[in-house]
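Subject: Structure for your review

Dear colleague,

Please find below the structure I said I would hand over, with the findings set out after it. I would be grateful if you could read the two side by side.

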Amino acid sequence: MPALPTAKHQAPTTAEGRDWRRQAGCRTADPTLFFHPVNERGPQRQRRIARAKRVCAHCPVLVQCRTHALTAREPFGIWGGTSEEERNTILGRGRSRPQAAASHCSA
């Protein structure tokens with residue numbers, strides 16, 4: 001796996017720094033492959049993610065895309081062959097879900 005961006009290595013925010021997008025393998029793919037629909041869960045979601053990652057695996061700008069996603073902290077979608085959950089793990093910000101409130105019955 002390529003080196004991760006650090007504070008010293010930020011992805012450029014200029015137009016020239018985004019030129020990699022013109023070479024991205026996903027430019028001609030259906031965008032819904034990379035961003036999950038509302039309430040997509042389980043095996044269906046995993047299959048979509050796997051298909052998106054197959055596109056990424058052959059992308060000539062995979063490293064630039066992943067660097068962008070980590071630097072910009074992209075919250076949604078498949079970027080640079082990584083899912084939302086994988087980027088959260090890399091960035092040390094695993095999803096914290098609120099605990100379900102305990103229900104109390106008064107009888």
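A residue is called buried when its relative accessible area is under 20%, exposed when that area is over 50%, and partly exposed in between. By this rule A50 counts as partly exposed, because its relative accessibility is 31%. A50 is found in helix α1. Its C-alpha atom is 9.3 Å from that of G81, although 31 residues separate A50 and G81 in sequence. V63 is partly exposed, since its relative accessibility is 38%. The C-alpha atoms of V63 and G81 are separated by 8.9 Å, and the two residues are 18 apart along the chain.

Confidence in the model

Please bear in mind that this is a predicted model. The mean pLDDT of the chain is 79, and 71% of its residues reach 70 or more. The pLDDT is below 50 over residues 1-14, a stretch that has 16 contacts in the model beyond near neighbours in sequence. Where pLDDT is low, the predicted coordinates should not be read in detail.

Overall architecture

The chain has 3 helices and 0 strands, and from the N terminus on its elements run α-α-α. Of the 107 residues in the chain, 29% are buried. Among contacts between residues at least 6 apart in sequence, 46% join residues at least 24 apart. The chain exposes about 7800 Å², of which carbon and sulfur atoms supply 55%.

Helix α2 and its neighbours

Helix α2 spans residues 62-72, and its buried residues are L62, C65, R66, T67, H68, A69 and L70. Against which helices do the buried residues of α2 pack? They pack against α1, residues 42-57, and α3, residues 84-90.

Two positive phi values

Most residues other than glycine have a negative phi. R73 is not a glycine, yet it has a positive phi of about 55°. This residue comes just after α2, in the loop between α2 and α3. R73 counts as partly exposed because its relative accessible area is 42%.

N39, also a residue other than glycine, has a positive phi near 65°. It is found in the segment before α1. Is N39 buried or exposed? N39 is exposed, because its relative accessible area is 60% and the cut-off for that class is over 50%.

The cavity

A search of the whole structure finds 1 cavity of 30 Å³ or more. The largest cavity holds about 40 Å³ of space. Its lining consists of F34, F35, H36, R45, R48, I49, G77, I78, S83, E84 and E85. By class, these lining residues divide into 4 nonpolar, 3 polar and 4 charged. Both α1 and α3 supply at least two residues of this lining, and the largest share, 3 residues, comes from α1.

The pocket

How much space lies in the largest pocket? The volume is about 330 Å³. A total of 18 residues line the largest pocket, and those nearest its centre are A24, C26, C65, I78 and W79. The elements that give two or more residues to this lining are α1 and α2. The lining of the largest pocket has 14 nonpolar, 2 polar and 2 charged residues.

I78 belongs to the lining of the largest cavity and is one of the residues nearest the centre of the largest pocket. C65 is buried in helix α2 and is likewise among the residues nearest the centre of that pocket.

Yours sincerely,
A colleague

Notes. Residues numbered from 1 in each chain as written. Predicted model: local features only at pLDDT ≥ 70, side-chain atom pairs only at ≥ 80, totals over all residues. Heavy atoms only, no water. Buried < 20%, exposed > 50% of the residue type's maximum accessible area, 1.4 Å probe, protein only. Helix = DSSP H or I, 4+ residues; strand = E, 2+ residues; numbered from the N terminus. Contact = heavy atoms within 4.5 Å. 1 Å grid on protein atoms, 1.4 Å probe; cavity = no way out; pocket = protein on both sides within 12 Å on 5 of 7 lines; lining within 4 Å. Points joined across faces, edges and corners; volume = space filled by probe spheres on them. Nonpolar A, V, L, I, M, F, W, Y, C, P; charged D, E, K, R; others polar. pLDDT = per-residue confidence, 0-100. Areas by Shrake-Rupley, 256 points an atom, 1.4 Å probe, with all protein chains shown as cover.
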